[in-house]
Amino acid sequence: MTQHDRLLIIDFGSQVTQLIARRLRELNVYCEIHPYNKVDDAVLTSFAPKAVILSGGPDSVTREGSPRAPESLWNLGVPVLGICYGQQTMMQQLGGLVEHGHGTAEFGRAFVTPTTDNLSILDGWFADGKEQVWMSHGDHVSRIAPGFTVYGTSPNAPFAVTADVSRHFYAVQFHPEVHHTPKGAKLYENFIKLAGFKGDWTMGAYRAEAIAKIRAQVGDAKVICGLSGGVDSSVAAVLIHEAIGDQLTCVFVDHGLLRLGEAEQVVSMFRDHYHMPLIHADESALFLGALEGISDPEVKRKTIGRLFIDVFQKHAHEVGGATFLAQGTLYPDVIESVSFSGGPSVTIKSHHNVGGLPEKMGLKLVEPLRELFKDEVRALGRELGLPASFIGRHPFPGPGLAIRCPGEITAEKLDILRRADAVYIDQIRKHGLYDEIWQAFAAILPMKTVGVMGDGRTYDYALALRAVTSVDGMTADYYPFTHDFLGETMTRIIQEVKGVNRVFYDVTSKPPGTIELE
């Protein structure tokens with residue numbers, strides 16, 4: 001197995017720590033996020049980082065008992081970059097001073113200007129004499145630590161950029177990981193360059209290493225995989241199949257809540273194209289029967305989740321002798337399982353398809369994607385040869401169309417919704433907008449409205465269209481379609497989909513709304 005250069009991110013609880021890792025992965029650098037209170041001398045020794053980044057965080061360095069970096073870090077002999085709270089604890093621990101408030105808080109856009117001295121991590125900055133950054137701090141450094149020099153200032157942060165070049169310690173008060181710091185990626189690029197990273201973290205290398213790891217873990221045992229048809233489980237299935245062939249059997253649970261033609265596409269791709277052993281469990285009648293008369297969204301989700309486990313377990317037993325269960329767990333799922341304070345986080349994905357199954361079925365886990373972010377999974381999918389149209393698909397929720405059908409679910413409403421959604425997505429693709437949008441879908445509303453078609457009165461369903469832009473799904477804004485596009489789309493839906501006579505476009509952002517309706 002290749003030993004990659006490794007960068008350690010010590011997390012102090014910032015909401016955007018994952019973005020640091022994503023920026024570094026984009027630069028082909030392998031990194032991991034570890035909570036500050038889980039990083040001790042033993043971890044530093046075993047992880048053997050080539051460089052360390054200290055994240056931001058919500059606490060105050062001035063508070064007694066607030067988080068600190070391990071003292072042994074300063075003698076590790078590797079470059080260290082402190083960001084926001086990371087800068088402040090670096091200064092405090094190395095002999096500087098941090099103070100609270102006093103009118104020096106900064107939240108939002110600010111501009112940093114350079115001092116007369118040059119600093120390698122700022123190469124390529126300050127073309128116009130100043131650079132936009134994103135600040136979010138209440139405390140401020142009032143005295144830098146011995147050995148440090150100031151390289152950049154902002155109106156409320158006189159020590160916005162500081163460094164002790166001789167020890168390779170660098171510190172910034174702003175957040176270079178967010179898009180609001182336009183040249184933040186360049187700062188990270190400069191930092192890993194001075195740290196001597198080879199940039200050897202590629203999906204081609206990961207593919208080969210993951211296959212070797214799967215073979216070593218599984219041996220000649222059988223593996224079952226819950227295939228949802230989404231990108232994560234599909235990439236995991238193709239990767240595992242490449243490693244162990246017919247030792248893998250996929251179980252595709254069709255709950256009757258998929259998009260138009262989706263079940264057929266999944267079965268065709270995996271059974272006919274990849275020639276994988278696949279159980280197509282068409283349990284749509286069971287799911288729709290259990291959902292009959294239910295309108296509460298949480299009850300819908302729990303009903304679907306409970307039935308999925310029962311159905312998956314029933315069909316998985318058909319395989320016989322399986323020892324492992326494959327999951328499409330991603331690195332954000334791993335990070336979210338433990339908060340920065342060391343305790344369990346709130347549930348992020350209550351509809352996770354195979355949650356609870358390993359314990360219930362007595363199976364060991366195979367999770368070949370648990371080191372990857374979503375964009376890396378897509379890159380791996382391309383490396384494995386999955387169709388580009390499939391890899392680039394918008395996210396689709398585990399409960400499927402159930403949460404795009406507020407109110408009671410019926411076969412009639414699902415049929416209308418499938419056909420309307422297909423027209424909407426076809427319109428988006430036809431206008432070349434699909435890849436600009438994070439997620440787009442139609443939802444059928446729990447209401448009928450009066451309309452006029454020809455000379456007759458109609459009383460049909462109203463439809464809501466939703467399309468959002470986002471970086472990671474945590475926040476989102478509506479996509480600004482032209483009125484011509486919306487008018488054309490409305491006309492097509494009403495002409496081609498019987499049962500709809502009114503179309504709305506949802507312009508709610510997240511927050512205050514969510515991306516899905518339920």
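Me: Contact means heavy atoms within 4.5 Å. With that in mind, what share of the contacts with a separation of 6 or more comes from residues 24 or more positions apart?

Reply: In this predicted model, such residues account for 76% of those contacts in the protein chain.

Me: How do you know that the radius of gyration of the protein chain agrees with that of a compact globule?

Reply: A compact globule of 518 residues would have a value near 24 Å, and the protein chain has 26 Å, so the two agree. Along its principal axes, the C-alpha trace spans about 80 × 60 × 40 Å.

Me: What percentage of the residues is buried?

Reply: Buried means under 20% relative accessible area, and 53% of the 518 residues are buried.

Me: Nice! How many helices and strands does the protein chain have?

Reply: There are 15 helices and 20 strands. Let's look at one pair of helices: α6 (residues 231–244) and α12 (residues 374–383) have axes that come within 10 Å and cross at roughly 45°.

Me: Why is α6 called oblique to α12?

Reply: Angles under 35 degrees count as roughly parallel and 65 to 115 as roughly perpendicular. The axes cross at roughly 45°, which makes α6 oblique to α12. The crossing is left-handed.

Me: Which residues make the contact?

Reply: From α6 come Val231, Asp232, Val235 and Leu239, while α12 brings Lys374, Val377, Arg378, Leu380 and Gly381.

Me: What makes up this contact of α6 with α12 by class?

Reply: The contact has 5 nonpolar, 1 polar and 3 charged residues. Gly counts as polar here, and Gly381 of α12 is one of the contact residues.

Notes: Residues are numbered from 1 along each chain as its sequence is written. This is a predicted model: local features need pLDDT of at least 70, side-chain atom pairs count only at pLDDT 80 or more; totals for chains, interfaces and linings use all residues. Side-chain values use heavy atoms; hydrogens and water are left out. Axes are lines fitted to C-alpha atoms, for helices over the stretch in contact, and angles run from 0 to 180 degrees between N-to-C directions. Helices (H or I, at least four residues) and strands (E, at least two) are DSSP runs, numbered from the N terminus. Angles under 35 degrees count as roughly parallel, over 145 as roughly antiparallel, 65 to 115 as roughly perpendicular and the rest as oblique. A crossing is left-handed if the near helix is turned anticlockwise from the far one by less than a right angle, and right-handed if clockwise. The radius of gyration is taken over C-alpha atoms; the globule rule is 2.2 Å times the number of residues to the power 0.38. Buried means under 20% relative accessible area, exposed over 50%, partly exposed in between (1.4 Å probe, protein chains only).
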